[in-house]
Amino acid sequence: MKIFLKELKEGKTDFLYSLEGKESDELFKDSEIKKVNLNSSGWIQRKGLEYLFYLRVKGYGTLICARCLDEFKFEFNEDFTYNVFLGKDPSFSKKEYNFSEKDVASIYVENYELNVLPLIKEIVLLTIPMKPLCKENCKGLCPVCGANRNNKNCGHETKETHSPFTYLLKRIEKKE
């Protein structure tokens with residue numbers, strides 16, 4: 001989905017966009033989230049040559065649990081506001097550039113064409129936790145037989161393992 005800035009009138013312009021099926025598979029093919037269905041909405045406000053862009057992304061996708069390796073449905077509902085500027089990004093033209101908070105929410109467009117899909121993808125990917133879990137108290141896999149402990153109790157007891165650095169710590173303490 002592209003927004004052509006030259007065609008916008010002064011004031012706010014609303015938009016809606018849905019993404020599912022093959023189109024979402026293509027957009028998220030290089031990420032860990034699959035089977036994404038989402039609706040995005042927002043507005044872009046033009047005031048002279050300045051643009052303010054608001055984007056809300058709501059939907060769900062499938063992730064794999066980091067503990068038990070089962071697929072689970074992951075829901076997201078996020079929004080973000082961007083400042084859109086015409087021209088080249090000043091951070092690309094300098095060898096050293098001090099980024100500010102303003103730079104994170106700034107988009108530079110050279111050809112009056114704002115592509116919304118990369119922004120939607122960015123918002124969704126930022127919602128994914130570093131360690132996705134199907135549920136907070138996921139029991140994970142048995143280290144002995146590999147059974148999913150959420151589904152059945154295999155009967156294997158695992159002892160509390162200590163850090164490999166425990167041995168080193170004991171040796172240091174002995175020397176002191």
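**Salt bridges and overall fold**

R56 and D79 form a salt bridge through their side chains, with an N to O distance of 3.6 Å. R56 belongs to strand β4 (residues 50-64) and D79 to strand β5, so this pair ties together parts 23 residues apart in sequence. The model is predicted, and the salt bridges in it number 5.

**The R56–D79 pair**
- R56 is partly exposed, at a relative accessible area of 29%.
- D79 also counts as partly exposed, its relative accessible area being 37%.

**Other salt bridges**
- E71 and K35 are joined by a side-chain salt bridge with an N to O distance of 3.7 Å.
- This pair links distant parts of the chain, 36 residues apart: E71 is in strand β5 (residues 71-86) and K35 in strand β3 (residues 34-47).
- Both E71 and K35 are exposed.
- A salt bridge also connects the side chains of E26 and K29, at 2.9 Å from N to O.
- E26 is partly exposed, with 48% relative accessibility, while K29 is exposed because its relative accessible area of 55% is over 50%.

**Fold and surface**
- The chain contains 7 strands and 5 helices, arranged along the sequence as β-β-α-β-β-β-α-α-β-β-α-α.
- Buried residues make up 32% of the 176 in the chain.
- Of the contacts between residues at least 6 apart in sequence, 57% join residues at least 24 apart.
- The chain has an accessible surface of about 12800 Å², and carbon and sulfur atoms account for 51% of that surface.

Note on methods
Residues numbered from 1 in each chain as written. Predicted model: local features only at pLDDT ≥ 70, side-chain atom pairs only at ≥ 80, totals over all residues. Heavy atoms only, no water. Helix = DSSP H or I, 4+ residues; strand = E, 2+ residues; numbered from the N terminus. Buried < 20%, exposed > 50% of the residue type's maximum accessible area, 1.4 Å probe, protein only. Contact = heavy atoms within 4.5 Å. Areas by Shrake-Rupley, 256 points an atom, 1.4 Å probe, with all protein chains shown as cover. Salt bridge = Lys/Arg side-chain N within 4 Å of Asp/Glu carboxyl O.
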